[in-house]
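We will go stop by stop.

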Amino acid sequence: MEPLYQYAWLIPVLPLAGAMLVGLGLISFNKTTNQLRKLSSVFVVSLLGAAMVLSFAIFWSQFHGHEPFTRTLEWAAAGNFHLMMGYTIDNLTALMLVVVTTVAFLVMVYTDGYMAHDSGYVRFYAYLSLFSSSMLGLVISPNLIQVYIFWELVGMCSYLLIGFWYDRKAAADACQKAFVVNRVGDFGLLLGILGLYWATGSFEFDVIGAHLEAFVESGYISSGLAALLAVLVFLGPVAKSAQFPLHVWLPDAMEGPTPISALIHAATMVAAGVFLIARMYPVFENIPVAMTVIAWTGGFTAFLGATIALTQNDIKKGLAYSTISQLGYMVMAMGIGAYSAGLFHLMTHAYFKAMLFLCSGSVIHGMEAVVGHDPDLAQDMRLMGGLRKYMPITSLCFLIGTLAICGIPPFAGFWSKDEILGNAFTASPGLWVVGWLTAGLTAFYMFRMYFMTFEGDFRGNITSIKEQIKGAVAEPLPAFGPGAMDRRELEAEDHDHGHSESPHESPLTMTLPLLLLAVPSTLVGLVGMPFNNYFEEFIHAPGETVAEVVSHEAAFNWSEFLVMAGSSVGIALIGITVASLMYRMGQIDPGAIAKNFTSLYNFSLNKWYFDDIYNRLFVQGSRRLARQVMEVDYRVVDGAVNLTGLVALISGEGLKYLENGRAQFYALIVFGAVLGFVIVSGLS
């Protein structure tokens with residue numbers, strides 16, 4: 001199998017080659033390349049497919065016990081400084097390669113149907129391929145410097161894809177917001193990398209961890225400084241994986257086309273943060289302060305995202321806050337030492353969240369036939385309802401994804417989320433309570449989304465709802481139960497924007513990826529069952545042996561498992577029941593609840609006012625500071641320059657009359673000066 005590892009560098013290079021060739025075609029032969037749009041997409045997808053096959057081959061080899069493989073070459077040298085570049089293949093790399101390539105491949109197939117009529121079809125495929133290549137390059141990086149290079153490439157690609165429809169102000173603003181917020185985290189990451197190199201003299205993950213631990217124990221480096229460096233590095237994942245307080249960019253990223261929303265939220269950008277925590281685990285695990293910060297940041301973010309998702313009406317933004325919450329679970333798991341549990345949830349979440357986002361794209365695609373290409377209308381769940389009748393495949397896949405994320409057995413999310421909660425109960429009961437409550441909220445808002453979208457009667461032709469949505473009315477609309485349409489039979493219909501009275505199922509290129517993603521969303525969790533945990537045997541914390549993992553399995557306690565699993569499933573069932581009573585049966589009116597708890601409702605609807613606070617502090621504050629700096633520049637700096645010029649001008653104008661070239665005039669000036677000097681001397 002050695003030749004396989006010798007050519008593993010092709011995995012990120014193949015999609016990079018596709019992006020470069022298609023990009024050069026767009027630059028040099030734009031019209032011809034756009035005319036060959038299908039050929040271009042097949043070319044790009046085929047190259048990524050080849051990378052996916054190679055990734056599976058490497059995964060299979062690693063699963064059967066192949067030793068980790070690293071290949072490097074010297075990239076730069078100066079004295080004793082040597083910077084190596086290359087690639088490393090181990091179990092974590094193999095897992096991430098499979099997750100990234102499979103999700104990216106299916107998203108690309110789906111894109112053919114979703115972007116079929118978009119003029120930027122070919123450009124979008126080039127961006128997708130470059131994005132996939134950047135993430136794959138990050139995954140195989142053997143040291144922090146190479147990670148940082150691909151980390152920034154991932155950020156650049158997200159900027160291009162979020163702002164793909166740059167002629168829309170909302171998209172242009174969203175990509176800038178994502179770019180700026182991520183720069184904050186990336187600056188912290190860069191400071192942390194440089195600080196760790198200063199402290200340990202290395203960019204290699206294992207070497208940094210071993211040296212830092214030894215230096216802290218010997219007193220060469222204080223534990224406070226080590227914690228500071230670790231937290232600075234953690235700022236990078238905080239931004240990339242949308243953790244509090246740098247989570248605000250991710251919901252706005254929904255302004256990009258839905259395929260890129262699925263890719264960002266499932267397997268690339270947000271996964272990069274959790275992956276970096278896993279790579280840096282040898283550093284973090286020996287610093288208790290850093291682990292505590294990571295754990296509570298994740299726990300609070302999980303709860304924060306869930307509480308905001310409760311009131312979102314935009315289907316994509318609801319899923320976006322769901323992603324923030326689920327990423328919080330993963331980060332919390334890393335912080336409490338549940339290394340394999342966090343990565344297990346990363347894998348299961350990648351598949352069911354990709355499917356949920358692609359389902360939302362399918363719903364939007366169908367809704368646009370009725371309400372037109374207005375995202376405010378096509379993405380608003382208040383105009384949906386009853387779509388199960390029109391979109392059976394999409395509704396079935398969305399239901400599977402909903403059951404998975406809610407942690408209902410035997411779907412994938414149950415096994416990974418339950419393992420996190422079980423570890424949290426042992427490590428920190430407080431964090432377990434937060435995670436447990438979040439599980440109930442997750443079940444409620446996800447089934448709220450499902451019922452509002454797929455159950456009841458279709459509301460897309462009701463004029464009054466459209467007017468309220470377009471008028472940006474914040475008050476909740478009446479309950480959307482089965483009888484809700486009966487109360488609106490006299491409502492006028494509006495067909496000004498669409499060309500159909502009802503939505504339709506998406507084409508095969510869109511529904512086939514949904515069905516394929518439904519398989520791992522249902523079954524992949526079975527590899528991580530606590531009493532037969534193949535996943536933990538394959539992916540375990542650095543320094544832990546397979547024998548120790550097997551001993552953990554041998555100590556499995558059925559009664560403890562049933563209690564913990566029963567509590568998490570129980571609160572999920574409560575959340576589902578409440579959602580059903582409110583949004584399916586109509587026995588509880590959401591509008592009445594919102595009016596009785598107006599403050600809490602507005603607090604959730606306005607996203608805890610983070611955007612407002614950040615706008616006032618940073619956006620408006622920066623503008624005020626810029627105006628003050630401009631005033632200083634205008635009055636002081638520019639004034640000093642202008643005064644200097646004025647003095648030079650006046651003195652020059654005056655002196656030109658004295659420089660007339662007549663010796664008699666110069667003698668007169670000298671005589672006058674001497675006379676004046678004598679008079680002054682005599683008076684003194």
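Select F603, Y609, I613, L617, F618 and V619. Together they form a nonpolar patch on the surface, with about 530 Å² of accessible area. Patch residues have over 30% relative accessible area and no salt bridge, and nonpolar side chains (Val, Leu, Ile, Met, Phe, Trp, Tyr) are joined within 5 Å. A salt bridge puts a side-chain nitrogen of Lys or Arg within 4 Å of a carboxyl oxygen of Asp or Glu. Areas come from the Shrake-Rupley method with a 1.4 Å probe; for residues, only the protein chains shown count as cover.

This is a predicted model: local features need pLDDT of at least 70, side-chain atom pairs count only at pLDDT 80 or more, and totals for chains, interfaces and linings use all residues. Numbering starts from 1 along each chain as its sequence is written, and side-chain values use heavy atoms, leaving out hydrogens and water.

Next, select helix α30, residues 610-658. This helix gives the most to the patch, four residues. Helices (H or I, at least four residues) and strands (E, at least two) are DSSP runs, numbered from the N terminus. Click L617, which lies in α30. L617 is exposed, at 54% relative accessible area; exposed means over 50%, buried under 20%, partly exposed in between.

Now go to helix α13, residues 269-279. Here 11 of 11 residues are buried, among them F275 and R279.

Last, select strands β1 (69-78) and β2 (81-89). They run antiparallel, joined by nine bridges; pairing needs at least two DSSP bridges. R71 faces Y87 in β2. In the hairpin, G79 takes a positive phi near 65°.

Zoom out: the chain has 31 helices and two strands.

Note on methods
Patches are made of residues with over 30% relative accessible area and no salt bridge: like charges are joined within 9 Å, nonpolar side chains (Val, Leu, Ile, Met, Phe, Trp, Tyr) within 5 Å. Buried means under 20% relative accessible area, exposed over 50%, partly exposed in between (1.4 Å probe, protein chains only).
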